[in-house]
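Visitor: Could you walk me through this one, piece by piece? I will ask as we go.

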Amino acid sequence: MIVDCQPGLGPITTYWSDGTVTGYTAYCQSVHDEALQGEIDANTSVCDGTVCTYPNGATIPDPNAVPDDRCTNQIDYAGDPRSNAEINSIGASTGQCPAPIE
């Protein structure tokens, strides 16, 4: 009868009730797979396009985030008579944000 398995992510080792130690058993492989999945889950983040959150609550910037580089996010156009869409369209077509009109 199996009494224990090598803990963690090391090699598959099986400890038997008669004191012998062997390698692979299906049971200890399943224990190993469960430990491995726990490590994967603990180190897998969920990203929302801005930030990635890990199961422990830690966050990092989403490395796949696309910067929002529209002109109206770069320059203050308060008081400009043009719409945001027009301003951003000018920036997109010319590759340069237009100067604000006062």
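**A tour in questions**

Guide: To start us off, S1, S2 and S3 form an open sheet in the order S1-S2-S3, with antiparallel pairing. Strand S1 (2–5) and S3 are the edge strands with a single partner each, so one side of each has no neighbour in the sheet. Strands pair here if DSSP finds at least two bridges between them, and strands (E, at least two residues) and helices (H or I, at least four) are DSSP runs numbered from the N terminus. The model is predicted: local features need pLDDT of at least 70 and side-chain atom pairs pLDDT 80 or more, while totals for chains, interfaces and linings use all residues. Residues are numbered from 1 along each chain as its sequence is written, and side-chain values use heavy atoms, leaving out hydrogens and water.

Visitor: How many bridges join S2 to S3, which run antiparallel?

Guide: Tyr-15 stands opposite Val-21 in S3. The number of bridges joining S2 to S3 is 2.

Visitor: At about what angle does helix H1 run to S1?

Guide: Helix H1 (residues 26–42) lies across S1 and S2. Axes are lines fitted to C-alpha atoms, for helices over the stretch in contact (heavy atoms within 4.5 Å). Angles between N-to-C directions run from 0 to 180 degrees, and for H1 and S1 the angle is about 35 degrees.

Visitor: Is His-32 buried or exposed?

Guide: His-32 is found in helix H1. Leaving aside residues up to four places away in sequence, His-32 touches Gly-8, Leu-9, Gly-10 and Ile-12. Buried means under 20% relative accessible area, exposed over 50%, and partly exposed in between (1.4 Å probe, protein chains only). With a relative accessible area of 16%, His-32 is buried.

Visitor: Which side chain does the side chain of Asp-18 join in a polar contact of 2.6 Å?

Guide: Asp-18 sits in the loop between strand S2 (14–16) and strand S3 (21–22), and it is exposed because its relative accessible area is 59%. A polar contact is a pair of N or O atoms within 3.5 Å; within protein, one must be able to donate a hydrogen and the other to accept it, and residues adjacent in sequence count only if both atoms are side-chain atoms. The partner of Asp-18 in the 2.6 Å contact is Thr-20.

Visitor: Which residue in S6 is the bridge partner of Thr-53?

Guide: A further open sheet of 3 strands has the order S4-S5-S6, also with antiparallel pairing. Its edge strands, each pairing on one side only, are S4 (46–47) and S6 (59–61). Strand S5 (residues 51–53) is joined to S6 by 3 bridges, and the partner of Thr-53 is Thr-59.

Visitor: How far apart in space are Pro-63 and Gly-49, C-alpha to C-alpha?

Guide: Pro-63 lies in the loop between S6 and helix H2 (71–74). Pro-63 is exposed, given its relative accessible area of 65%. In sequence Pro-63 and Gly-49 are 14 residues apart, and in space 8.4 Å.

Visitor: What radius of gyration does the protein have?

Guide: The C-alpha trace spans about 90 × 25 × 15 Å along its principal axes. The radius of gyration is taken over C-alpha atoms, and the globule rule is 2.2 Å times the number of residues to the power 0.38. For a compact globule of 102 residues the radius would be near 13 Å, but the protein has 28 Å.
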